Amino acid sequence: MYAAAKFATTHPNVEFVQLVSFGCGVDAITTDENRSICEHGGKLYTQIKIDEINNLAAVKIRIRSLIAAMESRNKENDNGRA
């Protein structure tokens, strides 16, 4: 998982989304580390709890939020280059 997060930070067209089951145990440890990797690499960190799959509306909102944040970040980056 850490390698996937690092991969996302080195590829401009890749984002990292972590699927977790309960958010405790190993998930809690990997969440913190993956968030740190993404933030240090200038990427957004998104987590989706698998339990939310029963409610697809929640997952759709998370993905739409990720897309909106990516678009906002890209606009800021483009304005900074002008």
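Hi everyone, a word on ground rules. This is a predicted model, where local features need pLDDT of at least 70 and side-chain atom pairs count only at pLDDT 80 or more, while totals for chains, interfaces and linings use all residues. Residues are numbered from 1 along each chain as its sequence is written, and side-chain values use heavy atoms, with hydrogens and water left out.

So what is pLDDT? It is the predictor's confidence in each residue, from 0 to 100. The protein chain has a mean of 86, and 93% of its residues reach 70 or more. Where pLDDT is low, the predicted coordinates should not be read in detail.

Now let's look at the layout. There are three helices and two strands in the protein chain, running α-β-α-β-α from the N terminus on. Helices (H or I, at least four residues) and strands (E, at least two) are DSSP runs, numbered from the N terminus. The C-alpha atoms fill a box of roughly 45 × 30 × 15 Å along the principal axes. Of the 82 residues, 24% are buried; buried means under 20% relative accessible area, exposed means over 50%, and partly exposed lies in between, with a 1.4 Å probe and protein chains only.

The rule asks for a side-chain nitrogen of Lys or Arg within 4 Å of a carboxyl oxygen of Asp or Glu, and by it we count two. Which residues are linked in a network of salt bridges? They are Glu-15, Lys-43 and Arg-73.

Take Lys-43 and Glu-15, whose closest N and O atoms are 3.6 Å apart. Lys-43 sits in the loop between helix H2 (26-40) and strand E2 (45-49), and Glu-15 in the loop between helix H1 (2-9) and strand E1 (16-20), so this pair ties together parts 28 residues apart in sequence. Lys-43 is buried, at 9% relative accessibility.

Arg-73 also bridges to Glu-15, with closest N and O atoms 2.6 Å apart. Because Arg-73 lies in helix H3 (residues 56-81) and Glu-15 in the loop between H1 and E1, the pair ties together parts 58 residues apart in sequence. Arg-73 is buried too, with a relative accessible area of 16%.

Last stop: Thr-46, in strand E2. Is Thr-46 buried or exposed? At 7% relative accessibility, Thr-46 is buried. Leaving out residues up to four places away in sequence, Thr-46 touches Phe-16, Val-17, Gln-18, Arg-62 and Leu-66, where contact means heavy atoms within 4.5 Å.
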